[in-house]
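Student: I've just opened this one and I'm new to it. Could you walk me through a few spots?

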Amino acid sequence: MACSTNSEKRVKFVVVGGGIAGVTCAEQLASQFTSDSVVLLTAAPLVKTVTNYKRVAKILEDFDVEEQPSSVLEGKYPNLKVIKSAVKTLQAEKHTLHTENDRSFHYEKLCLCSGAKPKLLNRNNPHVLGIRDTDSAQEFQKRLSTARRIVVVGNGGIALELVYEVEGCEVIWAVKDEAIGNTFFDAGASQFLIPSLALDKPEKAMPCKRARYTTEPVADGAAAGMSEATVETGSALGPDWHEGISLRGAEKGSHNVTVEYQCGIKQICTQQEILQSPPGGSQSSDAGTWPVYVQLTNGKTYGCDFIVSATGVVPNTQPFLHGNNFELGTDGGLLVDDHMHTTVLDVFAAGDVCSAGWEPSPLWQQMRLWTQARQMGWYAGRCIAAEVLEEPIELDFCFELFTHITKFFNYKVVLLGKFNAQGLGQDHELLLRCTKGHEYIKVVLSNGRMMGAVLIGETELEETFENLILNQMDLSAYGEHLLDPNIDIEDYFD
């Protein structure tokens, strides 16, 4: 399956993206169509694979993400070829894809899993760093090692992990909301987590034993020759990207975090601009001693070594839109139907790049998380196979209920259904149980039925609560006793 420069290679399936969605989809196709060729195009030197997969309940699943050389994937599937190159253009009417390194592929079926790219505060400022992929994480680690103070802007998953993991460096955390982790938590859960920022991080019981691979650093000249698409399309970091690397600054000590709530960035200034600002303005007390300064919308100014932009992502659709009739969702993703098909013939999409266009279950919502990337990639592979084999297929059961397992501030976190009462308006009530430093449990009820839950800590309630949400049992009779710590709810409902 060698591809010569400027030649057009005809293949049955092409999958774009070396992240979890793309790799999972490619694996699904390669294993089901062993005599057909599958090409996986990736802009990154390593691909993301699912390891230690474990089904926790009917839908809830837990797994690790491991970066591997493409040779590992090709070794498992002889009919799968991984090509390291970003996409340059797509001519969907001709079923042809052109890559940055001047290769062309004529496909029968195409699945786009190109992920998302970070929304950077300022793309042209060398003091602003976005953390999205392995290369940017390594650059962050390098810069952090000599830093005394950084400013982190954002309130999503990356920001939450970052401010907790960084040690030996003062962190100013600017969040636009009234509480931290607004994407995942309400104010109560945020207050439960906040004390962790004032404590020393616990020693890790065991080192991360997963295999880790490093990539050759890109030479400055080579980097200069890369297109913006190539630089930005490395697949997203794994859920434990900070394991096994040192996130320590130049100072001694553990956590030193200051949270600035309900604010954003008003202006990013140089040393010279701060020194020339009029007296009595927003001039910093340490003007002239930092490489860069941040003026916040709450009137405060902080000098720092660099700024981390963790303000979310946008679907990476750019290489595919020109000349093609893709319909986009309201969030800018490629709109897909309940068979992961885009509005363009023979083109599917999965993961962060797509927007779910079907009528969702009352208990499910799309969130650009690892769990859904795997589920969508796997399901897209099945949908493509069903179309090729002319077989019917129904929307997978995993889209019946939103589920996600992660870890924040060293606590296990489980999110189920409408965990923040999304879309329920005033028609809901909350039940809470909180043991400081141990667990936080929130249940969302509507008309006596459980619609969602947040479990922080080792609650061991995830399977029971998933069942209660799925079967929609009327729980009105139990009232607040549902979370009574003296009642073993698992035995009660099992």
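Predicted model: local features only at pLDDT ≥ 70, side-chain atom pairs only at ≥ 80, totals over all residues.

Student: Is Val-314 buried, partly exposed or exposed?

Tutor: Its relative accessible area is 29%. Buried would need under 20% and exposed over 50%. Because 29% falls in between, Val-314 is partly exposed.

Student: Okay, on to charged pairs. How many salt bridges does the count come to?

Tutor: Side chains of opposite charge can pair when their charged atoms come close. The cut-off here is a nitrogen of Lys or Arg within 4 Å of a carboxyl oxygen of Asp or Glu. By this rule the count comes to 16.

Student: Lys-12 and Glu-108 meet in a salt bridge. Which strands does that pair tie together?

Tutor: The N to O distance for Lys-12 and Glu-108 is 3.3 Å. Lys-12 is in residues 8-16 and Glu-108 in residues 104-112, so the pair ties together parts that are 96 residues apart in sequence. Those parts are strands S1 and S8.

Student: Which of those two counts as buried, and which as partly exposed?

Tutor: Compare each one with the 20% cut-off for buried. Glu-108 has 42% relative accessibility, so Glu-108 counts as partly exposed. Lys-12 has 19%, so the buried one is Lys-12.

Student: What about Lys-176: which residue does it form a salt bridge with?

Tutor: The closest N and O atoms of this pair are 3.7 Å apart. Lys-176 is exposed, at 64% relative accessible area. Its partner is buried, at 13%, and that partner is Asp-177.

Student: And how far apart are the closest N and O atoms of Arg-368 and Asp-331?

Tutor: Both residues are partly exposed, Arg-368 at 26% relative accessible area and Asp-331 at 36%. Their side chains form a salt bridge, with the closest N and O atoms at 2.9 Å.

Student: Last stop, strand S25. How many of its residues are buried?

Tutor: In a regular strand the side chains alternate between the two faces of the sheet. In S25, Glu-439, Ile-441, Val-443 and Leu-445 point one way, while Tyr-440, Lys-442, Val-444 and Ser-446 point the other way. Both sets are buried, and the count for S25 is eight of eight.

Student: Which strands are joined to S25 by seven bridges?

Tutor: On one side of the pairing, Thr-435 stands opposite Glu-439. Val-444 stands opposite Gly-452 as well. Seven antiparallel bridges go to each partner, and the partners are S24 and S26.

Student: Which residue in the turn between S25 and S26 has a positive phi?

Tutor: These two strands form a hairpin with two residues between them. The phi in question is about 55 degrees, and the residue is Asn-447.

Terms used:
Residues numbered from 1 in each chain as written. Heavy atoms only, no water. Buried < 20%, exposed > 50% of the residue type's maximum accessible area, 1.4 Å probe, protein only. Helix = DSSP H or I, 4+ residues; strand = E, 2+ residues; numbered from the N terminus. Pairing = 2+ DSSP bridges.
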